[in-house]
Amino acid sequence: MSTALTGPAVQDLYRLRRDAELVLDEDGAATLRQGRFRLRLEQPGMSRRALLLRLGAGWVSDVEVGRLVSSLEGETRVLPAQLLLRRLLSHSWVERRAQVADRPLLELLPTGLGRGSLPETRRHVPGVCYRLSRFAALQHERGMLVATSPLSTLAVGCVDVALGALLAAAVQGVGPETVARSLAVPPEVAGRVLDELVTARILVTAAEFDAEVGDAPLAYWSPEELRLHHRSRVGRHTLPVGGTYRLRDRFPPQPLPRPYDGGRTIELPLPDLATIAKADPSFSQVVAARHSVRRHDDAAPPTLDRLAEFLHRVQHGTLVGESGGQQVGHRPYPGGGGIYELELYPLVRRCADLDPGLYHYDSTGHRLESVAGWAPAADRLLGYARAAGAMAGPPQVVLVVTARVQRLMWKYEGMSYAMILKDAGVLTHQMYLVATAMGLAPCALGAGDSHAFAELSGLDPLVEPSVADFLLGTVAPEAAGP
């Protein structure tokens, strides 16, 4: 049975953050680098250069800092070295470990950089119950469990496995006594551990937890959506965001045209865009008339020619060349980096001259590729689309938008899925405008049955997930608008 530790209180150890690089310049300066961040120290002197090297090599305590500096330049240089260490700590260039004797308990891992990047220190209040924040996330990193929150710029590494069990207990609520008992540490150590977890917003008071659930603005956010927003924007973390080409040396890029497996194809007629341009209403008229139409005319379904024209005006693409080692192209709507990861899969229930089933639109070849005939999964996909669109009857065509994620993730880091959703929004608007100009019935959906689509298409949802859905058909007479 474990007994509480006795002896020294919590000891702090320090090291350079592991994603930082120390460069000693020939002119005597020292530079710390992390992604887009730089900190240059002009003429730091022998002992402070030695301190930087020691911090880069591993954990070091305040006592060891004093010994190192004293041995090189005497005790009078200990204070300047300690001031440098505190500066690095306050600007998030240094990670911190809390331990008792030789037992590490936790590590404090800054996720931001620069002045003001650390959260304000918060102390626990005796007698108050603390709960695991609704926004806290636990993940495997650096060989340990790491607790993070998008509301904080400080992560907590659970070096001691008992700390992970404590966080599980915090779902119901913990206080200093529970911390002391769970970690087998004296009360003063338990209080310090609780302070660190409260500062990092991994643990919150019961009142704060209630506010996370029920009060504006935190109640608006789900943890998943807040994490996605936090990760895909810069400012509060130092993680790479943008065109880093992180997969360049690991996987070959996918080509712009989606590879075709050789099944049945249907060559589509090319629309006469010059004639169409003369007959189309003006752009202002289209924008003003655009609206969702939820009634389709099954007595006069769209023809294959009309569907072909719509697909061409919405999605037809051409190969432009290469950028960064991957093929890029052009479509009627803008796409991140010219990569154009989105694909269109029409699920056709009613279309003249076209059998019911699921098809893929080859945007570069302007043809339909047969993916699957009608099956129970098609009924489920159609049924959900009808319900999501609040339609009285089933839609004639459901356009499922997928993303070939490797196309985008091969280049972009941190923001890839957010960019996919933005591209899907642009494509949705394009479909609305084209359908309105053609006098068809458009309606975007807020969600679709991804599982039914994956079952019907046979596509791996981790390779090419469905990300948006759009209903298309002919306008029923009673639904005709201005």
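Which residue, with a positive phi, follows helix 12? Ala-390 does, and its phi is near 55°.

The views show a predicted model, in which local features need pLDDT of at least 70, side-chain atom pairs count only at pLDDT 80 or more, and totals for chains, interfaces and linings use all residues. Residues are numbered from 1 along each chain as its sequence is written, and side-chain values use heavy atoms, with hydrogens and water left out.

**View 1. Length of helix 12 (residues 376-388).** Helices (H or I, at least four residues) and strands (E, at least two) are DSSP runs numbered from the N terminus. The end C-alpha atoms of helix 12 are 18 Å apart, which agrees with the 18 Å that its 13 residues should span at 1.5 Å a residue; the expected span is 1.5 Å times one less than the number of residues.

**View 2. Buried and exposed residues of helix 12.** Buried means under 20% relative accessible area and exposed over 50% (1.4 Å probe, protein chains only). Ala-377, Ala-378, Leu-381, Leu-382 and Ala-385 are the buried residues. They cover an arc of only 135° around the axis, so they lie on the same side of helix 12; the arc is that of the directions from the helix axis to the C-beta atoms. Pro-376 and Ala-387, on the other side, are exposed.

View 3. Glu-95 counts as buried because its relative accessibility is 2%. Its C-alpha is 6.0 Å from that of Leu-16, 79 residues away in sequence. The side chain of Glu-95 reaches the backbone nitrogen of Arg-18 at 3.2 Å.

Conventions
A polar contact is a pair of N or O atoms within 3.5 Å; within protein, one must be able to donate a hydrogen and the other to accept it, and residues adjacent in sequence count only if both atoms are side-chain atoms.
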